[in-house]
Amino acid sequence: MAVVAIPSFDAVYGVDEAAICNRALSRISVDVIKDTDEDTKQSRICKAIYAQTRDELLRLYPFNFATKTRYIPLDTTYPLPTELYAYAYKAWDYRELDVVYTAASNILTVTAGTVYATDIGLSVFGADVPVNARIVDVDTVNNTITIDRPVIVTGTGIVKKYIPLLKIVHVGGNNNNLYELFGSNEGGRILTNISSGTQNNEQVLEMRCVEQVIDPKLFDSIFVDALVLRIAMKVAVSFTQSAGLISLLYQEFAQILQAAKIASAEEKEIDQAEDWYASSGPTSKTRR
């Protein structure tokens, strides 16, 4: 019989994750979590649903803090399944880097490959890299990346970096551009007839997307309020039979999402104004 992994809070952000769950537990009058490793009913439920609920909420609405513009490279070897599309782009922008690392250090020195300032926020995988590692800083002069958790041993090896993609908002800078997403992770490709020019000597596609953000300190306050309510609704099913309470939580959740839409619209208006004044006119191709 296969062993089932026991759900847990993140090794780095677990305290902050438990704090969000405690706000949800308080909303339904359930004892809070006092230790991230405790074995209680409420702790087990929160550990099991927290990450899934966080990602679910990010997919449900494109909160601005998790929405980014990425430029993904063309895959010239991908077999196009139909004659509708001219290009296939690597949706998760999977790359490999040769690195040197030291035990208990968060810094990886890249010996083959290039690091960019835009790498911040990307996921990193490797044999000696802890699970869920994210790039939090880069040094383009010394060609190093800093991840949010230390590696386990000293050595060399290959690490993979890619976009922690949850949802595509649009491609090519326009909501009306036609595209299809096939596959996932390293095999994920966006098929389209759009090109966004070249970057670093590669033909690329501009992709506006929602990414998986795992550091609670990066969440905005509206997202946290919505996440607390969504977790509370799920946990309430196991602790209360009150349909009225669950209905009330749902109504509050709907109001929070509406507030997020209003706030997002206001922020986008500001961004558009800044882009206008930074450009040379309405026909400018300059993007910030």
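A nonpolar core is a set of buried Ala, Val, Leu, Ile, Met, Phe, Trp, Tyr and Cys residues joined through side-chain atoms within 4.5 Å. The legends below refer to a predicted model.

**Figure 1. Overview of the chain, with its 4 helices and 13 strands.** The chain has 288 residues, of which 40% count as buried. Its C-alpha trace spans about 60 × 50 × 40 Å along the principal axes. Among contacts with a separation of 6 or more, 68% come from residues 24 or more positions apart.

**Figure 2. The largest nonpolar core, made up of 39 residues.** Phe219 and Ile231 have the most contacts inside this core. Two or more residues come from each of the elements α1 (14–27), α2 (41–60), α3 (221–239) and α4 (243–278). Of these, α3 gives the most, with 11 residues. Apart from this core lies another, of 29 residues, which includes Ala91, Ala133, Val159 and Leu165. In soluble globular proteins, nonpolar side chains tend to be buried together.

**Figure 3. Packing of α1 against α2, with an angle of about 110 degrees.** The two axes are 10 Å apart. Because angles of 65 to 115 degrees count as roughly perpendicular, α1 is described as roughly perpendicular to α2. From α1, the contact takes in Glu17, Ile20, Cys21 and Leu25. From α2, Gln42, Cys46, Tyr50 and Arg54 take part. By class, the residues of this contact are 5 nonpolar, 1 polar and 2 charged.

**Figure 4. Right-handed crossing of α1 and α3.** The axes of these helices come within 8 Å and cross at roughly 55 degrees. The helices are therefore oblique to each other. On the α1 side, the contact involves Ile20, Cys21, Arg23, Ala24, Leu25 and Arg27. These residues meet Val224, Asp225, Leu227, Val228, Leu229, Ile231, Ala232 and Val235 of α3. The contact of α1 with α3 contains 11 nonpolar and 3 charged residues, and no polar ones.

**Figure 5. Asp93 in the loop between β2 (87–90) and β3 (95–101).** Phi of Asp93 is near 45 degrees, a positive value in a residue other than glycine. Most residues other than glycine have a negative phi. Asp93 has a relative accessible area of 16% and is therefore buried, the cut-off being under 20%.

**Figure 6. Asn132 in the loop between β5 (123–125) and β6 (135–139).** Asn132, a residue other than glycine, also has a positive phi, near 70 degrees. With a relative accessibility of 35%, Asn132 counts as partly exposed, because this class lies between the buried limit of 20% and the exposed limit of 50%.

**Figure 7. Glu267 in helix α4.** The relative accessibility of Glu267 is 38%, so this residue counts as partly exposed. Glu267 and Ile72 are 195 residues apart along the chain, and 25 Å separates their C-alpha atoms.

Definitions and conventions. Residues are numbered from 1 along each chain as its sequence is written. This is a predicted model: local features need pLDDT of at least 70, side-chain atom pairs count only at pLDDT 80 or more; totals for chains, interfaces and linings use all residues. Side-chain values use heavy atoms; hydrogens and water are left out. Buried means under 20% relative accessible area, exposed over 50%, partly exposed in between (1.4 Å probe, protein chains only). Axes are lines fitted to C-alpha atoms, for helices over the stretch in contact, and angles run from 0 to 180 degrees between N-to-C directions. Angles under 35 degrees count as roughly parallel, over 145 as roughly antiparallel, 65 to 115 as roughly perpendicular and the rest as oblique. Contact means heavy atoms within 4.5 Å. Ala, Val, Leu, Ile, Met, Phe, Trp, Tyr, Cys and Pro count as nonpolar, Asp, Glu, Lys and Arg as charged, and the others, Gly among them, as polar. A crossing is left-handed if the near helix is turned anticlockwise from the far one by less than a right angle, and right-handed if clockwise.
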